[in-house]
Amino acid sequence: MEEEFEEDLSEESNLKRAERRKEDRVVRKIVYILTIGILIVAGILAISGYNYVNAGLKPLDKNDKKLVQVEVPSGSSNRQIGDILEDGEVIRDGMVFNFYTKFKNLMNFQAGYYQFSPNMTLDQISKELQQGGSAEPLDDASKLTVPEGFDVDQIASLIAKKTDFKKEDFIKVMKDKDFFEQLKTQYPDLLTDAGNAEEVRYRLEGYLFPATYNVHKNRSLEDLVTQMVDTTNQILTPYYSQIKEKGLNVQEVMTLASLVEKEGVTQSDRKKIAQVFFNRIEAQMPLQSDISILYALGEHKELVTYKDTEVDSPYNLYVNAGYGPGPFDNPSQEAILAVLDPTETEDYYFVADITTGKVYYAKTYEEHMKLVEKYVNNDK
């Protein structure tokens, strides 16, 4: 009897243990499923949050250059300024602007009227806000648009025409060594190579980014130039490591970009012309760009003569091999990107049809001269 009773108890205990194990497995399975579900939801939220913030950090529309006027009232907080910019459709999200400026410790934003465009970065907008706005609403006369490919002298003339500043005052700023050193300290990645260059006419040639700027009465020429240089730095910042990997320096990139800017009209031509220049440099051939001759002469004319190509100047790339002292104008972002991502070709020459503007390429000098006779010397 006792043995049978003990066997019944043992069997009952085994059944209970089996039942508990079964329940434990079910609980563990439920916990596992819930944990996976929570992790998935957390992951989705994290990715969504990252994408949301990342989108908010980028320009609202990098292709939209139209200027939007906004007013920042006195005493506005970063959050309030962010809301003003979002309402004005200048940035994507005011809250992201608030977090970004606090994370970057960007403070001392000034009240006033500003004109921003949706293609500006949060950093560019923040620096404008730190410099201060206009006490009065801005009009078209407050805008200065620097065209792509303008050189320092052309920009100086434009400033004299569009603002109260004089041309000679702008040129004086361009030649101010102390001011350049200040900028180089502020933008070492951008301007160190320019500071090391020899026989340059203007050290900031090539670094005054072509764009539309606000010219306020309470700002100096140095403020305007700093804004231009800062814009160039914003454009190049994602590419500094790529420039080093290619074995180039910033001065060389900007120099080629300044030639490509005027030698090619379409982006496809610019990318191919950039590679032609690289091919010639590698072969130790002079670049022989007419753009260099015009810059050496300090003139802007349609045709370059044989006598012009003999001008005594380090900027004369008909007789001097290599890149020359530095940029010949201030190139666009498209020209810069063409130099950083050229189209592979084995050609060493190119010529444009003077009637259509179409560019033709050649690998040998003989082929090139045939194209010159056909598309340049031949009267149509």
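## Largest pocket

The largest pocket of this predicted model has a volume of about 1,500 Å³. Its lining counts 41 residues, and Glu263, Asp290, Tyr318, Val351 and Ala352 are the closest to the centre. A pocket here is an open set of points on a 1 Å grid over the protein atoms alone, where a 1.4 Å probe fits, with protein on both sides within 12 Å along at least five of seven lines; lining residues have an atom within 4 Å of a point. Volume is the space filled by probe spheres set on the points, which are joined across faces, edges and corners.

At least two lining residues come from each of α11 (250-263), α12 (267-282), α13, β5 (349-352) and α15 (365-377). The largest share, six residues, belongs to α15. Helices (H or I, at least four residues) and strands (E, at least two) are DSSP runs, numbered from the N terminus. By class, the lining of the largest pocket holds 22 nonpolar, nine polar and 10 charged residues. Nonpolar covers Ala, Val, Leu, Ile, Met, Phe, Trp, Tyr, Cys and Pro; charged covers Asp, Glu, Lys and Arg; the others, Gly among them, are polar.

## Second largest pocket

The second largest pocket has a volume of about 1,300 Å³. Of its 41 lining residues, Asn119, Gln124, Thr231, Ile235 and Gln333 are the closest to the centre. Its lining divides into 13 nonpolar, 19 polar and nine charged residues.

Four elements, α4 (122-131), β4 (212-214), α9 (221-236) and α14, each give this lining at least two residues. The largest share is that of α9, with six residues.

## Nonpolar cores

The largest nonpolar core has 68 residues. Phe170, Leu204, Leu208 and Val225 have the most contacts inside it. A second, separate core of 17 residues includes Val68, Val90, Leu106 and Leu122. Such a core is a set of buried Ala, Val, Leu, Ile, Met, Phe, Trp, Tyr and Cys residues joined through side-chain atoms within 4.5 Å.

Leucine 208 is in contact (heavy atoms within 4.5 Å) with Val152, Ile155, Phe170, Met174, Val225, Met228, Val229, Thr232 and Asn330, leaving aside neighbours within four places in sequence.

## Helix α2

Helix α2 spans residues 78-87, and its buried residues are Asn78, Ile81, Gly82 and Leu85. They cover an arc of only 105° around the axis, so they sit on the same side of α2. The arc is taken over the directions from the helix axis to the C-beta atoms. Buried means under 20% relative accessible area, exposed over 50%, partly exposed in between (1.4 Å probe, protein chains only).

The buried residues of α2 pack against β1 (68-72), α3 (94-103), β2 (112-116) and α4. Just after α2, glutamate 89 takes a positive phi of about 60°.

Glycine 112 is part of strand β2. Its relative accessibility is 12%, so glycine 112 counts as buried. Outside four places in sequence, glycine 112 touches Val70, Glu71, Val72, Gly133 and Ser134. Its C-alpha atom lies 6.5 Å from that of proline 73, 39 residues apart along the chain.

Aspartate 308 sits in the loop between α13 (290-297) and α14 (333-340). Aspartate 308 is buried, at a relative accessible area of 11%. Its contacts, not counting residues up to four places away in sequence, are Ile293, Leu297, Lys301 and Leu303.

## Basis

Local features need pLDDT of at least 70, side-chain atom pairs count only at pLDDT 80 or more, and totals for chains, interfaces and linings use all residues. Numbering runs from 1 along each chain as its sequence is written, and side-chain values use heavy atoms, with hydrogens and water left out.
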